[in-house]
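The following paragraphs lead through the structure shown below, from the surface to the core and back to individual residues.

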Amino acid sequence: DVRTTDLLNGSIYVAWSKPTDLDTIQDPPPYQYRLYHSQDGIAFNQIAVFNDLNDTIYIDTLINTVNFQWTYKVELYYLNQLYKLLHQHVGTWEVL
């Protein structure tokens, strides 16, 4: 949800749900969320990393919420030698 509409100091509340179908035997912890945002829905930039499955809220700040529609992507990884992508979700927030 857009919290603040501004050319430079806009902010968007981003939240997602923990996966309900996570197989902790097949894909054991530790887990990591990676959060990305994009102005065009194509080129994403990583803006945050979370190492706790219960950490599912982020406030994106200092962004232009007047001229841009922001798209967010959340990826969930687990560590098995290297982090492996388990889930991905993409959503868009805009001022209506």
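A residue is called buried when its relative accessible area is under 20%, exposed when that area is over 50%, and partly exposed in between (1.4 Å probe, protein chains only). The structure is a predicted model, in which local features need pLDDT of at least 70 and side-chain atom pairs count only at pLDDT 80 or more, while totals for chains, interfaces and linings use all residues. Residues are numbered from 1 along each chain as its sequence is written, and side-chain values use heavy atoms, with hydrogens and water left out.

Asn9 is partly exposed, because its relative accessible area is 47%. Asn9 is located in the loop between strand S1 (2-4) and S2; strands (E, at least two residues) are DSSP runs, numbered from the N terminus. Apart from neighbours within four places in sequence, Asn9 has contacts (heavy atoms within 4.5 Å) with Thr4, Leu62 and Ile63. Between Asn9 and Asp60 there are 51 residues of sequence separation, and their C-alpha atoms are 9.9 Å apart in space.

On the surface, a nonpolar patch is formed by Leu7, Leu8 and Val66, which together have about 300 Å² of accessible area. Such a patch consists of residues with over 30% relative accessible area and no salt bridge, with nonpolar side chains (Val, Leu, Ile, Met, Phe, Trp, Tyr) joined within 5 Å; a salt bridge is a side-chain nitrogen of Lys or Arg within 4 Å of a carboxyl oxygen of Asp or Glu. Accessible areas come from the Shrake-Rupley method with a 1.4 Å probe. Val66 belongs to the loop between strand S5 (57-63) and S6, and Val66 counts as partly exposed because its relative accessibility is 44%.

In soluble globular proteins, nonpolar side chains tend to be buried together. A nonpolar core is a set of buried Ala, Val, Leu, Ile, Met, Phe, Trp, Tyr and Cys residues joined through side-chain atoms within 4.5 Å. The largest one here has 16 residues, and Trp16, Tyr33, Leu35 and Tyr72 have the most contacts inside it. Two or more residues of this core come from each of strand S2 (10-15), strand S3 (31-38), strand S4 (45-50) and strand S6 (70-80). The most, five residues, come from S6.

Strand S6 also contains Glu75, which is buried because its relative accessible area is 6%. The side chains of Glu75 and Tyr36 make a polar contact at 3.2 Å; the term denotes a pair of N or O atoms within 3.5 Å, one able to donate a hydrogen and the other to accept it within protein, and residues adjacent in sequence count only if both atoms are side-chain atoms.

Notes. Helix = DSSP H or I, 4+ residues; strand = E, 2+ residues; numbered from the N terminus. Patch = residues over 30% accessible without salt bridge, like charges linked within 9 Å, V, L, I, M, F, W, Y side chains within 5 Å.
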